[in-house]
Amino acid sequence: MVFTDEQQEFAASVKSFCARECGTREQRAALTDGFTVANSHALLERFGELGWLGVSVPQEYGGAGAGMVEECIFLEETCRGHAPIHGYSTALTAGQTYMRWGTPEQNRKVMGGICRGRLEAIALSEPGAGSDLGSARCAARREGDEYVINGQKTWISVAHESDHLLTFVRTDSGGAKHDGLTFLMVPTDTPGVEIREVEVMIPRVVNDVFYTDVRVPASAVVGEDGRAWSQLMRGLAIERLIIAVMAVGYAARSLDDTIAYMKEREQFGRPLSKFQALRHRVADMATEIACCRALVYDIAQKIDAGQEDALSTESSMAKMKCTETAKLAALEGMQLMGGYGYAVEYGMEEQVRQALVPPIYGGTNEIQREIISKNLGL
Ligand SMILES: Cc1cc2nc3c(=O)[nH]c(=O)nc-3n(C[C@H](O)[C@H](O)[C@H](O)COP(=O)(O)OP(=O)(O)OC[C@H]3O[C@@H](n4cnc5c(N)ncnc54)[C@H](O)[C@@H]3O)c2cc1C
(Lines give C-alpha, C1' and ligand atoms only; values in the text may rest on other atoms or scores of the structure.)
Protein backbone atom coordinates (compact mmCIF):
# COMPACT_ATOMS: atom_id res chain seq x y z
CA MET A 1 0.00 0.00 0.00
CA VAL A 2 1.03 3.62 -0.41
CA PHE A 3 1.31 5.53 2.85
CA THR A 4 -0.03 9.09 2.96
CA ASP A 5 2.47 11.88 3.64
CA GLU A 6 1.22 12.00 7.25
CA GLN A 7 1.70 8.27 7.71
CA GLN A 8 5.21 8.45 6.26
CA GLU A 9 6.07 11.29 8.62
CA PHE A 10 4.67 9.35 11.56
CA ALA A 11 6.79 6.28 10.65
CA ALA A 12 9.89 8.45 10.29
CA SER A 13 9.26 10.16 13.66
CA VAL A 14 8.84 6.86 15.53
CA LYS A 15 11.90 5.42 13.81
CA SER A 16 14.15 8.35 14.67
CA PHE A 17 12.82 8.51 18.25
CA CYS A 18 13.74 4.83 18.75
CA ALA A 19 17.17 5.27 17.16
CA ARG A 20 17.83 8.24 19.45
CA GLU A 21 16.39 6.86 22.71
CA CYS A 22 16.97 3.10 22.58
CA GLY A 23 19.32 2.58 19.65
CA THR A 24 22.23 1.23 21.67
CA ARG A 25 22.51 -1.72 23.99
CA GLU A 26 23.61 0.62 26.79
CA GLN A 27 20.47 2.74 26.41
CA ARG A 28 18.27 -0.37 26.47
CA ALA A 29 20.10 -1.70 29.53
CA ALA A 30 19.45 1.62 31.32
CA LEU A 31 15.75 1.50 30.36
CA THR A 32 15.25 -2.09 31.55
CA ASP A 33 17.22 -2.18 34.76
CA GLY A 34 19.98 -4.18 33.11
CA PHE A 35 17.58 -6.30 30.99
CA THR A 36 15.81 -7.62 34.09
CA VAL A 37 12.39 -6.25 33.04
CA ALA A 38 10.69 -6.26 29.65
CA ASN A 39 8.94 -2.89 29.83
CA SER A 40 10.21 0.59 30.46
CA HIS A 41 7.38 2.52 32.08
CA ALA A 42 9.33 5.76 31.63
CA LEU A 43 9.43 5.14 27.88
CA LEU A 44 5.74 4.17 27.80
CA GLU A 45 4.86 7.44 29.52
CA ARG A 46 6.92 9.41 27.03
CA PHE A 47 5.20 7.70 24.12
CA GLY A 48 1.91 8.55 25.85
CA GLU A 49 2.88 12.22 26.12
CA LEU A 50 3.74 12.25 22.43
CA GLY A 51 0.22 10.98 21.69
CA TRP A 52 1.56 7.81 20.01
CA LEU A 53 -0.06 5.28 22.37
CA GLY A 54 -3.60 4.39 21.39
CA VAL A 55 -3.20 6.08 18.06
CA SER A 56 -6.14 3.94 16.85
CA VAL A 57 -8.23 4.62 19.99
CA PRO A 58 -11.16 7.06 19.66
CA GLN A 59 -10.42 10.57 20.94
CA GLU A 60 -13.21 10.37 23.52
CA TYR A 61 -11.13 7.73 25.35
CA GLY A 62 -7.85 9.62 25.10
CA GLY A 63 -6.52 8.24 21.80
CA ALA A 64 -5.63 9.95 18.54
CA GLY A 65 -8.66 8.63 16.65
CA ALA A 66 -6.60 7.40 13.68
CA GLY A 67 -6.78 3.82 12.36
CA MET A 68 -5.15 0.39 12.34
CA VAL A 69 -2.69 1.46 9.65
CA GLU A 70 -1.23 4.06 12.02
CA GLU A 71 -1.30 1.55 14.90
CA CYS A 72 0.61 -0.93 12.74
CA ILE A 73 3.18 1.73 11.81
CA PHE A 74 3.79 2.41 15.51
CA LEU A 75 4.07 -1.29 16.39
CA GLU A 76 6.34 -2.11 13.45
CA GLU A 77 8.73 0.78 14.07
CA THR A 78 8.95 0.27 17.83
CA CYS A 79 9.69 -3.45 17.37
CA ARG A 80 12.21 -2.66 14.64
CA GLY A 81 13.70 0.03 16.90
CA HIS A 82 14.01 -2.35 19.89
CA ALA A 83 11.85 -0.13 22.13
CA PRO A 84 11.28 -2.06 25.40
CA ILE A 85 7.50 -1.59 25.51
CA HIS A 86 6.28 -5.07 24.50
CA GLY A 87 3.51 -4.93 27.12
CA TYR A 88 1.80 -2.22 25.08
CA SER A 89 0.70 -4.82 22.50
CA THR A 90 -0.88 -6.95 25.25
CA ALA A 91 -2.69 -3.88 26.58
CA LEU A 92 -3.87 -3.06 23.08
CA THR A 93 -5.16 -6.62 22.62
CA ALA A 94 -7.10 -6.47 25.90
CA GLY A 95 -8.23 -2.99 24.89
CA GLN A 96 -9.87 -4.29 21.69
CA THR A 97 -12.34 -6.26 23.79
CA TYR A 98 -13.09 -3.29 26.05
CA MET A 99 -13.53 -0.93 23.11
CA ARG A 100 -15.91 -3.27 21.34
CA TRP A 101 -17.93 -4.53 24.30
CA GLY A 102 -17.12 -2.40 27.34
CA THR A 103 -19.24 0.33 28.92
CA PRO A 104 -18.14 3.97 28.45
CA GLU A 105 -16.98 3.97 32.07
CA GLN A 106 -14.84 0.83 31.60
CA ASN A 107 -13.41 2.32 28.42
CA ARG A 108 -12.55 5.64 29.99
CA LYS A 109 -10.62 3.81 32.71
CA VAL A 110 -8.91 1.19 30.60
CA MET A 111 -8.37 2.94 27.26
CA GLY A 112 -7.58 6.25 28.94
CA GLY A 113 -4.90 4.46 30.98
CA ILE A 114 -3.42 2.66 27.96
CA CYS A 115 -3.09 5.96 26.09
CA ARG A 116 -1.13 7.40 29.03
CA GLY A 117 1.23 4.39 29.20
CA ARG A 118 -0.58 2.13 31.70
CA LEU A 119 -0.69 -1.61 30.98
CA GLU A 120 -3.58 -4.08 30.87
CA ALA A 121 -3.58 -7.89 30.85
CA ILE A 122 -5.83 -10.47 29.22
CA ALA A 123 -6.22 -13.72 31.15
CA LEU A 124 -7.51 -16.51 28.93
CA SER A 125 -5.12 -19.48 29.19
CA GLU A 126 -5.24 -22.03 32.00
CA PRO A 127 -3.07 -25.00 32.89
CA GLY A 128 -5.64 -27.31 31.25
CA ALA A 129 -6.91 -24.89 28.58
CA GLY A 130 -4.36 -23.64 26.05
CA SER A 131 -5.29 -24.12 22.39
CA ASP A 132 -8.58 -25.55 23.62
CA LEU A 133 -9.66 -22.35 25.39
CA GLY A 134 -13.30 -23.35 25.35
CA SER A 135 -12.51 -25.87 28.08
CA ALA A 136 -11.65 -23.05 30.54
CA ARG A 137 -12.62 -23.92 34.11
CA CYS A 138 -11.78 -20.79 36.12
CA ALA A 139 -15.24 -20.11 37.55
CA ALA A 140 -17.26 -17.13 38.76
CA ARG A 141 -20.52 -17.66 40.64
CA ARG A 142 -23.06 -14.91 41.07
CA GLU A 143 -23.83 -13.89 44.68
CA GLY A 144 -26.27 -10.98 44.85
CA ASP A 145 -24.65 -8.00 43.15
CA GLU A 146 -21.24 -9.64 42.97
CA TYR A 147 -19.30 -12.39 41.20
CA VAL A 148 -16.96 -14.59 43.24
CA ILE A 149 -14.05 -15.97 41.20
CA ASN A 150 -12.05 -19.12 41.96
CA GLY A 151 -9.47 -20.75 39.71
CA GLN A 152 -6.17 -20.26 37.94
CA LYS A 153 -4.89 -18.60 34.79
CA THR A 154 -1.43 -19.15 33.37
CA TRP A 155 1.00 -17.49 30.92
CA ILE A 156 -0.55 -14.10 31.57
CA SER A 157 1.65 -11.41 30.02
CA VAL A 158 2.32 -8.26 32.08
CA ALA A 159 -0.23 -9.21 34.79
CA HIS A 160 2.29 -7.99 37.40
CA GLU A 161 2.43 -4.52 35.80
CA SER A 162 -1.21 -4.10 34.81
CA ASP A 163 -4.12 -2.23 36.32
CA HIS A 164 -6.71 -4.91 35.47
CA LEU A 165 -6.95 -8.51 34.35
CA LEU A 166 -9.55 -9.06 31.65
CA THR A 167 -10.46 -12.49 33.00
CA PHE A 168 -12.21 -15.16 30.94
CA VAL A 169 -14.38 -17.13 33.37
CA ARG A 170 -17.06 -19.79 33.35
CA THR A 171 -20.26 -18.39 34.83
CA ASP A 172 -22.43 -21.32 33.80
CA SER A 173 -21.27 -24.89 33.34
CA GLY A 174 -24.67 -26.34 32.45
CA GLY A 175 -24.69 -25.79 28.68
CA ALA A 176 -22.46 -26.43 25.68
CA LYS A 177 -18.69 -25.99 26.06
CA HIS A 178 -18.55 -22.55 24.45
CA ASP A 179 -21.59 -21.21 26.30
CA GLY A 180 -21.55 -19.80 29.82
CA LEU A 181 -18.23 -17.97 29.42
CA THR A 182 -17.91 -14.35 30.53
CA PHE A 183 -15.30 -11.58 30.57
CA LEU A 184 -14.81 -9.85 33.94
CA MET A 185 -12.72 -6.76 34.56
CA VAL A 186 -10.72 -7.57 37.68
CA PRO A 187 -8.45 -4.90 39.25
CA THR A 188 -5.09 -6.55 39.97
CA ASP A 189 -5.13 -5.27 43.55
CA THR A 190 -8.41 -7.03 44.41
CA PRO A 191 -8.08 -9.20 47.57
CA GLY A 192 -7.64 -12.87 46.60
CA VAL A 193 -5.66 -12.20 43.39
CA GLU A 194 -2.15 -13.65 43.53
CA ILE A 195 0.34 -13.12 40.70
CA ARG A 196 3.47 -15.26 40.42
CA GLU A 197 6.18 -15.06 37.78
CA VAL A 198 6.72 -17.90 35.31
CA GLU A 199 10.36 -17.88 34.22
CA VAL A 200 10.88 -18.01 30.46
CA MET A 201 13.58 -17.16 27.88
CA ILE A 202 12.95 -13.42 28.01
CA PRO A 203 12.90 -11.45 31.25
CA ARG A 204 9.84 -10.97 33.47
CA VAL A 205 6.97 -11.20 31.04
CA VAL A 206 4.54 -13.95 32.04
CA ASN A 207 2.71 -15.00 35.17
CA ASP A 208 0.48 -17.52 36.83
CA VAL A 209 -2.56 -15.82 38.32
CA PHE A 210 -4.49 -17.45 41.19
CA TYR A 211 -8.00 -16.32 42.13
CA THR A 212 -9.24 -17.25 45.60
CA ASP A 213 -12.73 -15.97 46.48
CA VAL A 214 -12.09 -12.83 44.43
CA ARG A 215 -15.15 -10.56 44.59
CA VAL A 216 -16.01 -8.10 41.84
CA PRO A 217 -19.28 -6.19 41.33
CA ALA A 218 -21.77 -7.29 38.69
CA SER A 219 -20.79 -4.15 36.76
CA ALA A 220 -17.38 -5.80 36.10
CA VAL A 221 -18.89 -7.82 33.22
CA VAL A 222 -17.39 -6.70 29.90
CA GLY A 223 -20.06 -7.28 27.27
CA GLU A 224 -22.68 -9.83 28.19
CA ASP A 225 -22.74 -12.61 30.77
CA GLY A 226 -22.32 -15.94 28.97
CA ARG A 227 -21.32 -14.44 25.61
CA ALA A 228 -17.51 -14.17 25.97
CA TRP A 229 -16.76 -16.89 23.42
CA SER A 230 -18.44 -15.08 20.55
CA GLN A 231 -16.99 -11.76 21.80
CA LEU A 232 -13.52 -13.32 21.75
CA MET A 233 -13.98 -14.69 18.23
CA ARG A 234 -15.04 -11.26 16.92
CA GLY A 235 -11.78 -9.64 18.09
CA LEU A 236 -9.34 -12.20 16.73
CA ALA A 237 -8.49 -10.50 13.42
CA ILE A 238 -7.05 -7.50 15.23
CA GLU A 239 -5.20 -9.62 17.79
CA ARG A 240 -3.55 -11.63 15.00
CA LEU A 241 -2.72 -8.46 13.08
CA ILE A 242 -1.01 -6.95 16.13
CA ILE A 243 1.21 -10.03 16.48
CA ALA A 244 1.88 -10.14 12.73
CA VAL A 245 2.99 -6.54 12.38
CA MET A 246 5.23 -6.80 15.43
CA ALA A 247 6.84 -9.82 13.79
CA VAL A 248 7.45 -7.74 10.65
CA GLY A 249 9.26 -5.21 12.86
CA TYR A 250 11.39 -7.93 14.50
CA ALA A 251 12.20 -9.47 11.11
CA ALA A 252 13.15 -6.10 9.65
CA ARG A 253 15.48 -5.48 12.57
CA SER A 254 17.19 -8.85 12.05
CA LEU A 255 17.61 -8.00 8.38
CA ASP A 256 18.98 -4.49 9.11
CA ASP A 257 21.53 -5.86 11.57
CA THR A 258 22.56 -8.70 9.27
CA ILE A 259 23.14 -6.36 6.33
CA ALA A 260 25.13 -3.91 8.46
CA TYR A 261 27.32 -6.70 9.79
CA MET A 262 27.89 -8.31 6.39
CA LYS A 263 29.07 -5.03 4.91
CA GLU A 264 31.52 -4.56 7.75
CA ARG A 265 32.98 -8.02 8.27
CA GLU A 266 35.71 -9.15 5.87
CA GLN A 267 36.93 -12.67 5.27
CA PHE A 268 39.10 -13.96 2.41
CA GLY A 269 39.86 -10.33 1.53
CA ARG A 270 36.30 -9.08 0.94
CA PRO A 271 33.15 -8.21 2.88
CA LEU A 272 30.73 -11.05 3.59
CA SER A 273 28.16 -9.08 1.56
CA LYS A 274 30.12 -9.87 -1.61
CA PHE A 275 29.78 -13.66 -1.28
CA GLN A 276 26.96 -14.61 -3.62
CA ALA A 277 25.94 -17.64 -1.53
CA LEU A 278 25.34 -15.32 1.43
CA ARG A 279 23.85 -12.26 -0.28
CA HIS A 280 21.23 -14.42 -2.02
CA ARG A 281 20.04 -15.62 1.37
CA VAL A 282 19.68 -11.98 2.43
CA ALA A 283 17.78 -11.23 -0.79
CA ASP A 284 15.39 -14.11 -0.03
CA MET A 285 14.89 -12.81 3.51
CA ALA A 286 14.19 -9.26 2.30
CA THR A 287 11.65 -10.62 -0.21
CA GLU A 288 9.82 -12.64 2.45
CA ILE A 289 9.64 -9.60 4.72
CA ALA A 290 8.33 -7.39 1.91
CA CYS A 291 5.52 -9.92 1.24
CA CYS A 292 4.65 -10.02 4.95
CA ARG A 293 4.57 -6.23 5.17
CA ALA A 294 2.28 -6.00 2.14
CA LEU A 295 -0.11 -8.53 3.71
CA VAL A 296 -0.31 -6.83 7.12
CA TYR A 297 -0.95 -3.35 5.75
CA ASP A 298 -3.54 -4.73 3.34
CA ILE A 299 -5.37 -6.23 6.34
CA ALA A 300 -4.99 -3.01 8.37
CA GLN A 301 -6.44 -1.00 5.51
CA LYS A 302 -9.38 -3.42 5.20
CA ILE A 303 -10.04 -3.15 8.95
CA ASP A 304 -10.06 0.65 8.63
CA ALA A 305 -12.55 0.22 5.76
CA GLY A 306 -14.88 -1.72 8.11
CA GLN A 307 -14.22 -5.22 6.72
CA GLU A 308 -12.83 -6.74 9.92
CA ASP A 309 -15.37 -9.55 10.22
CA ALA A 310 -14.39 -10.98 6.82
CA LEU A 311 -10.69 -11.28 7.65
CA SER A 312 -10.48 -14.56 9.53
CA THR A 313 -8.40 -16.33 6.84
CA GLU A 314 -6.09 -13.43 5.99
CA SER A 315 -5.38 -12.55 9.61
CA SER A 316 -4.50 -16.18 10.42
CA MET A 317 -2.26 -16.29 7.34
CA ALA A 318 -0.56 -13.07 8.42
CA LYS A 319 -0.03 -14.25 12.01
CA MET A 320 1.44 -17.54 10.83
CA LYS A 321 3.56 -16.25 7.95
CA CYS A 322 4.94 -13.13 9.66
CA THR A 323 5.90 -14.90 12.88
CA GLU A 324 7.61 -17.71 10.96
CA THR A 325 9.42 -15.16 8.82
CA ALA A 326 10.64 -13.31 11.92
CA LYS A 327 11.93 -16.57 13.39
CA LEU A 328 13.69 -17.48 10.15
CA ALA A 329 15.17 -13.98 9.78
CA ALA A 330 16.66 -14.10 13.28
CA LEU A 331 18.06 -17.61 12.81
CA GLU A 332 19.47 -16.74 9.37
CA GLY A 333 20.91 -13.54 10.84
CA MET A 334 22.64 -15.53 13.55
CA GLN A 335 24.10 -17.99 11.03
CA LEU A 336 25.24 -15.26 8.64
CA MET A 337 26.99 -13.40 11.47
CA GLY A 338 28.92 -16.52 12.46
CA GLY A 339 30.12 -16.64 16.06
CA TYR A 340 29.28 -12.96 16.56
CA GLY A 341 25.62 -13.75 15.93
CA TYR A 342 25.72 -15.89 19.06
CA ALA A 343 27.40 -13.18 21.17
CA VAL A 344 25.19 -11.11 23.48
CA GLU A 345 26.98 -7.90 22.49
CA TYR A 346 25.83 -8.05 18.86
CA GLY A 347 22.13 -8.37 19.66
CA MET A 348 21.13 -11.16 17.30
CA GLU A 349 20.76 -13.68 20.14
CA GLU A 350 18.16 -11.33 21.67
CA GLN A 351 16.39 -11.29 18.31
CA VAL A 352 16.37 -15.10 18.25
CA ARG A 353 14.94 -15.37 21.78
CA GLN A 354 12.29 -12.78 20.94
CA ALA A 355 11.35 -14.43 17.63
CA LEU A 356 10.88 -17.95 19.00
CA VAL A 357 7.70 -17.21 20.95
CA PRO A 358 5.25 -15.39 18.60
CA PRO A 359 4.60 -18.63 16.64
CA ILE A 360 3.32 -20.03 19.98
CA TYR A 361 1.17 -17.32 21.58
CA GLY A 362 -2.02 -15.68 20.33
CA GLY A 363 -3.16 -19.08 18.99
CA THR A 364 -0.28 -21.32 17.90
CA ASN A 365 0.61 -21.48 14.22
CA GLU A 366 -0.76 -25.03 14.10
CA ILE A 367 -4.12 -23.62 15.21
CA GLN A 368 -3.86 -20.85 12.57
CA ARG A 369 -3.34 -23.58 9.94
CA GLU A 370 -6.44 -25.33 11.26
CA ILE A 371 -8.46 -22.11 10.92
CA ILE A 372 -7.19 -21.50 7.38
CA SER A 373 -7.93 -25.13 6.38
CA LYS A 374 -11.42 -24.92 7.83
CA ASN A 375 -12.11 -21.64 6.04
CA LEU A 376 -10.94 -23.31 2.81
CA GLY A 377 -13.69 -25.87 3.32
CA LEU A 378 -11.36 -28.74 4.25
C1 LIG B 1 5.40 -15.70 26.26
C2 LIG B 1 3.96 -16.10 26.28
C3 LIG B 1 3.00 -15.11 26.51
C4 LIG B 1 1.64 -15.46 26.60
N5 LIG B 1 0.73 -14.50 26.92
C6 LIG B 1 -0.57 -14.85 27.17
C7 LIG B 1 -1.51 -13.90 27.67
O8 LIG B 1 -1.19 -12.72 27.86
N9 LIG B 1 -2.77 -14.33 27.95
C10 LIG B 1 -3.17 -15.61 27.76
O11 LIG B 1 -4.32 -15.92 28.04
N12 LIG B 1 -2.30 -16.55 27.28
C13 LIG B 1 -1.02 -16.19 26.98
N14 LIG B 1 -0.11 -17.13 26.51
C15 LIG B 1 -0.55 -18.52 26.33
C16 LIG B 1 -0.57 -18.94 24.86
O17 LIG B 1 -1.62 -18.29 24.18
C18 LIG B 1 -0.64 -20.48 24.83
O19 LIG B 1 0.62 -20.95 25.25
C20 LIG B 1 -0.99 -21.02 23.47
O21 LIG B 1 -2.30 -20.69 23.11
C22 LIG B 1 -0.81 -22.54 23.37
O23 LIG B 1 -1.40 -23.20 24.45
P24 LIG B 1 -0.53 -24.28 25.28
O25 LIG B 1 0.76 -23.63 25.63
O26 LIG B 1 -1.37 -24.79 26.37
O27 LIG B 1 -0.20 -25.41 24.23
P28 LIG B 1 -1.16 -26.65 23.81
O29 LIG B 1 -2.52 -26.16 23.47
O30 LIG B 1 -1.03 -27.71 24.84
O31 LIG B 1 -0.44 -27.13 22.47
C32 LIG B 1 0.76 -27.92 22.46
C33 LIG B 1 1.11 -28.20 20.99
O34 LIG B 1 0.03 -28.93 20.36
C35 LIG B 1 -0.43 -28.20 19.23
N36 LIG B 1 -1.88 -28.38 19.11
C37 LIG B 1 -2.83 -28.27 20.10
N38 LIG B 1 -4.05 -28.50 19.60
C39 LIG B 1 -3.88 -28.75 18.28
C40 LIG B 1 -4.77 -29.07 17.20
N41 LIG B 1 -6.10 -29.13 17.37
N42 LIG B 1 -4.25 -29.29 15.97
C43 LIG B 1 -2.90 -29.21 15.75
N44 LIG B 1 -2.02 -28.91 16.73
C45 LIG B 1 -2.50 -28.68 17.96
C46 LIG B 1 -0.06 -26.75 19.49
O47 LIG B 1 0.03 -26.01 18.28
C48 LIG B 1 1.29 -26.92 20.17
O49 LIG B 1 2.29 -27.12 19.20
C50 LIG B 1 1.25 -16.80 26.39
C51 LIG B 1 2.22 -17.78 26.14
C52 LIG B 1 3.55 -17.46 26.10
C53 LIG B 1 4.57 -18.54 25.86
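Residues are numbered from 1 along each chain, in the order in which its sequence is written. Because the model is predicted, local features need pLDDT of at least 70 and side-chain atom pairs count only at pLDDT 80 or more, whereas totals for chains, interfaces and linings use all residues.

The chain is divided into domain 1 (5-85), domain 2 (123-227) and domain 3 (235-375), with bounds that come from an automatic or database domain assignment. The centres of domain 1 and domain 2, taken over C-alpha atoms, are separated by 29 Å. Five residues of domain 1 are in contact with six residues of domain 2, contact between two residues being defined by C-beta atoms, placed from the backbone, that lie within 7 Å. On the side of domain 1 that touches domain 2, three residues are nonpolar, two are polar and none is charged. In this classification Ala, Val, Leu, Ile, Met, Phe, Trp, Tyr, Cys and Pro count as nonpolar, Asp, Glu, Lys and Arg as charged, and the others, Gly among them, as polar.

Helix α1 (residues 5-22) comprises 18 residues and reaches 25 Å from its first C-alpha to its last, close to the 26 Å expected at 1.5 Å a residue; the expected span is 1.5 Å times one less than the number of residues. Helices (H or I, at least four residues) and strands (E, at least two) are DSSP runs, numbered from the N terminus. The buried residues of α1 are F10, V14, F17, C18 and C22. Seen down the axis of α1, these buried residues fall within an arc of 95 degrees, so they line one face of the helix; the arc is that of the directions from the helix axis to the C-beta atoms. An α-helix has 3.6 residues a turn, so residues three or four places apart point the same way. The buried residues of α1 pack against α2 (25-31) and α4 (68-80), while on the other side of α1, D5, Q8, E9, A12 and R20 are exposed. A residue is termed buried if 20 or more other C-beta atoms, placed from the backbone, lie within 10 Å of its own, exposed if 12 or fewer do, and partly exposed in between.

The ligand is surrounded by 21 residues, of which the closest are L124, G130, S131, T364 and E366; a residue is near a molecule if its C-beta atom, placed from the backbone, lies within 6 Å of it. The elements that give two or more residues to this shell are β1 (119-123) and α13 (365-375), and α13 supplies the largest share, three residues. The shell is made up of 12 nonpolar, seven polar and two charged residues. Domain 2 and domain 3 each contribute at least three residues to the shell.

Most residues other than glycine have a negative phi. D33, although not a glycine, has a positive phi of about 55 degrees. D33 is placed in the loop between α2 and α3 (41-49) and counts as exposed because it has 11 C-beta neighbours inside 10 Å. W155, also not a glycine, has a positive phi of about 65 degrees. The loop that holds W155 lies between β3 (146-153) and β4 (162-170), and W155 counts as buried because it has 20 C-beta neighbours inside 10 Å. Y346 lies in the loop between α11 (339-342) and α12 (348-356). With 18 C-beta neighbours inside 10 Å, Y346 counts as partly exposed. When residues up to four places away in sequence are not counted, Y346 touches M337, Y340 and G341.
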